[in-house]
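Visitor: I would like to go through this structure and ask what stands behind each label. Please set every value against its definition.

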Amino acid sequence: MNDMTFKIRATKTKRRFAGFLQFVFLFCAVAALSLPATAQPAVRQARAGSARASQSLVLSADVVADEGTSHGWIVIEGDRIKDVLRDARLIPLDARVIDLDGYAYPGFIDTHNHVHWNVIPKWSAGRLFNNRYEWQLDPVYLYMVSNVYGDRVLGRDVEDEAIKYGEIRAIMGGATLIQSRYAKIQPEILIRNLDKRYKADSYTPDIRKLDDAAAKAYLSAFDSGELKRLFFHIGEGKSSDPTARAEFEILRAKGLVRPGVVLIHGVALCDKELQDVKDHDMYIVWSPRCNLALYGETLNIEKVLDKKIDVALAPDWAITGSSNLLDELRFANAYVTSQRLTEKISAKTLYDMVTKNAAKVAGVEDRLGQIRKDFLADIVFTRKLDPDPYKSLLKTYSADVDLVLVGGKPVYGAYSLMGKLNPDCNRVVVNGREIGVVTTGNGTGDRKEKQEFAEIEDNLRQALPAIAPLHEE
Ligand SMILES: [Zn+2]
């Protein structure tokens, strides 16, 4: 990479003098500051002493884009991507440049999770259920999960800590925007929350309990433009289960088979209902690991793709699903392989389900889901584990994530890098690896916005009988 920079700068034809100054400085800076750490990033200041508030941050990597993957320099100003350069001579003179020898992907979009529950360790009943209402009444589930949430998380006032802990779990898998329903709007300290700020809302309980007044309120919010996406759990159960099968028609009776509605799961949807989903510009979130663990079957993904329905991949939660999106991607790939669907559902198709297509499902495709000029600078940098960036992603574990930016800010990554880019980050050891993560903000002045990781973890440990590890297989 540095040799390449050298060659490019040595053959410059334009901006000769400026390019020369850049070259001289970069040569010295790289020699002085290249890091021997595992992530091996080189952080350099293009001009010593020229740092100022408006200074660009430039990160180089193999940039994964729809038009192809090639080495580039992503120029970030404020919370946006100002440009993606293919020529190092165009790097702004006062930029802070970080060389990363890996892939740059757009921040992954987790279109459905229950982040605050992910503080509770995994649970398995050891048997299958017919629908979501069955396991929610299982005595062991109540004892080990539901009552723990009620008595210990809510009862001991650590829900804010649980949300922060769950967000760290999610960002370890590269998620930068997440859909999760909370009792109140949460400050966006680490990760973006797909809520009313993004014209999105969700309804989590039994669809049969949605009263007409609430349904009408959703419909008028759609009509006024206040609402763009509305998420429901629909058809979560076996395809043979009458309760799960009835849910789509209940939604239709409430006037909510309509554009902008997102169906989470949809395992029990029949062919005609899937056609209705397509015809009404609705969307689906697919959670294969959670579905197979609870019901022994999942969405008919082949049919969904045949009908060209926009579908996103998401874990649902870690308790019966995946720890994070990277794990869910690997699980989905294993499932696709077991069903002999790899020709139809390639690594790129799965990648789209957490980036561009997920952005469409989330209703944010005009500013997120791609590394593009003027888009929000949510970017995930990983190690390169395969010459094909999509196959590489399916080999990527959270330990291979070098850096995550949200809105241009380095908020998570290898501590060797984060410690330099954001000295306010917390150093946390996960499975022997040192990571840096930001847990504090100063938006609302709430005392819980000032908590460092040690306090978050300590409060949770005191409140709960056991907490889930940050990464759990
Ligand atoms: Zn869910």
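Guide: Ala104 stands opposite Phe381 in strand β14, and strand β5 (residues 96–106) is joined to β14 by 5 bridges, the two running antiparallel. The model is a predicted one, in which local features need pLDDT of at least 70 and side-chain atom pairs count only at pLDDT 80 or more, while totals for chains, interfaces and linings use all residues. Residues are numbered from 1 along each chain as its sequence is written.

Visitor: What makes β14 and strand β15 (residues 401–406) a pair?

Guide: Two strands pair if DSSP finds at least two bridges between them, strands themselves being DSSP runs of E with at least two residues and helices runs of H or I with at least four, numbered from the N terminus. Between β14 and β15 there are 4 bridges, and the strands run antiparallel; Thr382 has Val401 in β15 as its bridge partner.

Visitor: Why is Ala334 called partly exposed?

Guide: A residue is buried if 20 or more other C-beta atoms, placed from the backbone, lie within 10 Å of its own, exposed if 12 or fewer, and partly exposed in between. Ala334, which sits in helix α11 (residues 325–338), has 13 C-beta neighbours inside 10 Å and therefore counts as partly exposed. By that criterion, 5 of the 5 residues of β14 (residues 379–383) are buried.

Visitor: How do you know that the buried residues of α16 line one face of the helix?

Guide: In α16 (residues 453–463) the buried residues are Phe453, Ile456, Glu457, Asn459, Leu460 and Ala463. Seen down the axis of α16, they fall within an arc of 160 degrees, so they line one face, where the arc is that of the directions from the helix axis to the C-beta atoms. The face turned away from the buried side carries the exposed residues Ala454, Arg461 and Gln462.
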